[in-house]
Amino acid sequence: MQWNALRAATGRLRHQPRLNAILILALTALLFAGAWLLVYATGGTQRAWPYLMLIPVLLAAARFRVVGGIIGGLVGGLLLGPVMPLDTATGVAQDTTNWLIRIGFYTGLGAFTGMLFQFIRRQGRARERDARVDADSGLPNKTALLEALETDDVDRADAPFVALIRIVDLGEIMEAAGVSAADQLVTILARRIRRGIDPDLEVYRFSASEIVVLRQEDTATDGLNAEDLLQITEDSVEVYGIPVHVELVVGRAGTVEPGTSARELIRQARVALFSAIERQQTVCRYAPEQERRTGETIRLLAGVRRGIENGEFELHYQPKVRAETGEPAGCEALVRWRSPADGGIIPPDQFMPRVECSALIGPMTRFVAQSAFGFVKHCRQRISINITARDLIDQNLIASIGRMAAYGGLPAGRIEIEITEGAIVRDPVAAGEAIEQLRRCGFHVSLDDFGTGYSSFEYLRTLPLTGLKIDRAFVRDLEDDDRAQRLMACMIDVGHALDLEVVAEGVEKAGQREILRELGCDLLQGFYFARPMPGQEYLDWRQARDRATAREAAHPR
């Protein structure tokens, strides 16, 4: 505690240059007086003690540079000049030439020392400045941010506004415009923030894809919110002449408590940022409950990584049947996690939403594809697998899915890739390119959760899709709502008008099945027919279903 108090006091003194200069000046004067008294008391200038007068001269040069060194040399020389005898015991005076030479020597040494200290200080400031500036973008860096926050009094009501901003799609931008595009992009965003939102905002380069926006005094009446920072991406950003759209995620530090440190503020902003990414939001403000969720996410993702390596994941298959006849027409592969603790199944909604927002989604999708491609040899029917928005923009993953099917000798027509509308909305251009690549490999591509996204008809018109899966939300009320039936009929007609195979998911009742059959839906999927099941159970179910369908055909009612 005593050391912290001393360090705090030293820091306050460092940031008060006038008081610092006064204290150094007083110390120098005391040293001059002390040196004069010591020389006089020890017998005068005939001894070696006069050289003690160089100590305050050098101190003045060190603190006040050339001017201080010259003045200090003159003062020291004069103090040991006419008023200081050669021998105090006999009162013999110095020779004039002697003390004039001493004045010249002291003054010259003070001037030289002042220039030397001035050069050293200038070089030190340059190094300090370089240590606080990001060389690539010219913005202040993380070190400068910590210092700026440490000098701020975070105990007051108008505590700092601290927001951490991540450029989500920086990798794609760098791939399109080059590695140095990241530096130019960060510089442009910083300029837009200061010019377009508030010139008092300070922008720091925190990492390659992150910047921190800081305002030292964030009052309750200024109206600045983290959402305001998203305004800078309303228009595209031109990088090296290439217009690019930038997607940002903002995490803001929460309410500042007394004693909050600079690193704690930044940590809060980072926790809020991770929470926003996990929830697929663009802005999130820190709340204490995010700590527990972040810790759970870290442990969960570590478990998922370990589970992939240890073979704890498996695929279950949910059948799809023909609406007209009830015959099995294929299935959808759904990932399940078997707990290593008790062997039970961990529901996918407990881990997949967080996996989809992490770098583990690539390995997970590769596992699903590889396992499903192995099972399709036994199934001999079409199998659907799902890929996420992150998968869709991963060109290496898309290419590897094609290679898996080719190396396995599988007819690509037996594989269907289901893509959600949300994935297409996120980046329509990249999604279109990925779907084109999948179609060139021979895969079927279906639009999943149809009706829950945006501009659906535009996607249906322009993308090379082969199927359409209507979301369960439109199936739920078919038996009780005439409007729901009319809407379902329109969606089925739209799919057929574009030569798409239409699947309805979430069928749980016989009445729903009958309505969908009458409306002309092609395939049905839901708990009414079967829940997802392990591979061998699915094969047994399909055989039993085929026998039952054959009996019904041979003995119609």
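Reply: Happy to; we can go label by label, with the cut-off beside the value.

This is a predicted model, in which local features need pLDDT of at least 70 and side-chain atom pairs count only at pLDDT 80 or more, while totals for chains, interfaces and linings use all residues. Residues are numbered from 1 along each chain as its sequence is written, and side-chain values use heavy atoms, with hydrogens and water left out.

Me: How many helices and strands does the protein have?

Reply: There are 19 helices and 17 strands. Helices (H or I, at least four residues) and strands (E, at least two) are DSSP runs, numbered from the N terminus.

Me: Why is Ser 275 called buried?

Reply: Buried means under 20% relative accessible area, exposed over 50%, and partly exposed in between (1.4 Å probe, protein chains only). Ser 275 has 3% relative accessibility, so it counts as buried. This serine is found in helix H8 (residues 262-278). Leaving aside residues up to four places away in sequence, Ser 275 touches Cys 284 and Gln 290, where contact means heavy atoms within 4.5 Å. Across the protein, buried residues make up 45% of the 557 residues.

Me: And what makes Asp 200 exposed?

Reply: Its relative accessible area is 53%, so Asp 200 falls in the exposed class. Asp 200 is found in the loop between helix H7 (181-196) and strand S2. Even so, Asp 200 touches Leu 214 and Arg 215, not counting residues up to four places away in sequence. Asp 200 and Arg 215 are 15 residues apart in sequence and 6.7 Å apart in space, C-alpha to C-alpha.

Me: Why is strand S3 said to be largely enclosed?

Reply: Six of the six residues of S3 (residues 210-215) are buried, so the rest of the structure largely encloses this strand. Glu 210, Val 212 and Leu 214 point one way, Ile 211, Val 213 and Arg 215 the other way, and all are buried.

Me: How do you know which strands pair with S3?

Reply: Two strands pair if DSSP finds at least two bridges between them. Strand S1 (residues 161-167) is joined to S3 by six bridges, and the two run antiparallel. Strand S2 (residues 202-207) pairs with S3 over five bridges, also in the antiparallel sense. A hairpin of two residues joins S2 to S3.

Me: What makes Arg 166 and Glu 210 a salt bridge?

Reply: A salt bridge is a side-chain nitrogen of Lys or Arg within 4 Å of a carboxyl oxygen of Asp or Glu. For Arg 166 and Glu 210 the closest N and O atoms are 2.7 Å apart, and they form a salt bridge. Arg 166 lies in strand S1 and Glu 210 in strand S3, so the pair ties together parts that are 44 residues apart in sequence. Arg 166 is partly exposed at 22% relative accessibility, whereas Glu 210 is buried at 3%. By this rule the count comes to 18 salt bridges.

Me: Where do Arg 267 and Glu 264 lie?

Reply: Both lie in helix H8, three residues apart, about one turn of the helix. An α-helix has 3.6 residues a turn, so residues three or four places apart point the same way. Arg 267 has a relative accessible area of 34%, so it is partly exposed, and Glu 264 is partly exposed too, at 24%.

Me: Which residues of helix H18 are buried, and why are they put on the same side?

Reply: In H18 (residues 510-518), Gln 512, Ile 515 and Leu 516 are buried. They cover an arc of only 95° around the axis, so they are on the same side of H18; the arc is that of the directions from the helix axis to the C-beta atoms. Cover for the buried residues of H18 includes helix H17 (482-497), strand S15 (501-505) and strand S16 (523-525).
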